[in-house]
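Here is a short tour of some helix packing and a set of charged side chains. Have a look at the fold before reading on.

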Amino acid sequence: MTINELQDEVIEEFSELTDWMDRYQMLIDLGNDLTPLDERFKTQQNLIDGCQSRVWLNAEYRDGKMWLDADSDALIVKGIIALLIRVLSGHEPHEVLEADLYFIDRIGLREHLSPTRSNGLLAMVKQIRMYALAYDTKYGK
């Protein structure tokens, strides 16, 4: 699936829930379903700067695509990074760089997060794009 198709899928799933408490619960469930990050990747180098809670992000380049794994010590934040992984992992770096992540606003995520969580979301997106830029520079066509 393309990044936009995945975003549309997320928007559709969230649109079925009108109450934000249900949406927060969905984020928590997504975080709980996230494959645990191998302890060897929970390093200072993989911590995302700008997040109030601790978020580790690991990126790898295989078969022309960027693969993401992450973990957080905060449930809702773990759900947010799980959404970003779902939408962006497994795509070519240039696709990640060119993606307009419209799902964030369409599901109301940015407006319903506290300012610190919203800053953390921006920091996560920025770090993912930094990995994509590095991989695109190194391996791009």
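## Before we start

A residue is called buried when its relative accessible area is under 20%, exposed when that area is over 50%, and partly exposed in between. Keep in mind that this is a predicted model.

## How α1 sits on α2

Two packed helices are described by the angle between their axes and the distance between the axes. For helix α1 (residues 3–15) and helix α2 (residues 20–33), the angle is about 130° and the axes are 10 Å apart. With roughly perpendicular ending at 115 degrees and roughly antiparallel starting over 145, α1 and α2 are therefore oblique to each other.

Which residues make the contact between α1 and α2? On the α1 side they are Glu13, Phe14 and Ser15, and they meet Arg23, Met26, Leu27 and Leu30 in α2. Sorted by type, the residues of this α1 and α2 contact come out as four nonpolar, one polar and two charged.

## α2 and its neighbours

With α3, the packing angle of α2 is about 70° and the axes are 7 Å apart. The two helices, α2 and α3, are therefore roughly perpendicular to each other. Tyr24, Leu27, Ile28, Leu30, Gly31 and Asn32 are what α2 brings to this contact, while α3 brings Leu75, Ile76, Lys78, Gly79, Ile80, Ala82, Leu83 and Arg86. By type, the residues of the α2 and α3 contact are nine nonpolar, three polar and two charged.

## α3, largely enclosed

Helix α3 covers residues 75–88, and its 14 residues reach 20 Å from first C-alpha to last, close to the 20 Å expected at 1.5 Å a residue. Is α3 largely enclosed or largely open? Of its 14 residues, 12 are buried, so α3 is largely enclosed by the rest of the structure. Among the buried ones are Ile76, Val77, Ile80, Ile81, Leu84 and Leu88, and Lys78 is on that list too. After the helix comes Gly90, which has a positive phi, near 85°.

## A chain of salt bridges

Side chains of opposite charge can pair when their charged atoms come close. Searching the whole structure turns up nine salt bridges, and some of them join up: Glu39, Lys42, Asp71 and Lys78 are linked in a network.

Start with Glu39, which forms a salt bridge with Lys42 at 3.4 Å, N to O. Glu39 is exposed, its relative accessible area being 57%. Lys42 has a relative accessible area of 27% and is partly exposed. Lys42 also pairs with Asp71, at 2.9 Å from N to O. Because Asp71 lies in strand β2 (residues 65–72) and Lys42 in the loop between α2 and β1 (55–62), this pair ties together parts that are 29 residues apart in sequence.

Asp71 counts as buried, at 6% relative accessibility.

Terms used:
Residues are numbered from 1 along each chain as its sequence is written. This is a predicted model: local features need pLDDT of at least 70, side-chain atom pairs count only at pLDDT 80 or more; totals for chains, interfaces and linings use all residues. Side-chain values use heavy atoms; hydrogens and water are left out. Axes are lines fitted to C-alpha atoms, for helices over the stretch in contact, and angles run from 0 to 180 degrees between N-to-C directions. Helices (H or I, at least four residues) and strands (E, at least two) are DSSP runs, numbered from the N terminus. Angles under 35 degrees count as roughly parallel, over 145 as roughly antiparallel, 65 to 115 as roughly perpendicular and the rest as oblique. Contact means heavy atoms within 4.5 Å. Ala, Val, Leu, Ile, Met, Phe, Trp, Tyr, Cys and Pro count as nonpolar, Asp, Glu, Lys and Arg as charged, and the others, Gly among them, as polar. The expected span of a helix is 1.5 Å times one less than its number of residues. Buried means under 20% relative accessible area, exposed over 50%, partly exposed in between (1.4 Å probe, protein chains only). A salt bridge is a side-chain nitrogen of Lys or Arg within 4 Å of a carboxyl oxygen of Asp or Glu.
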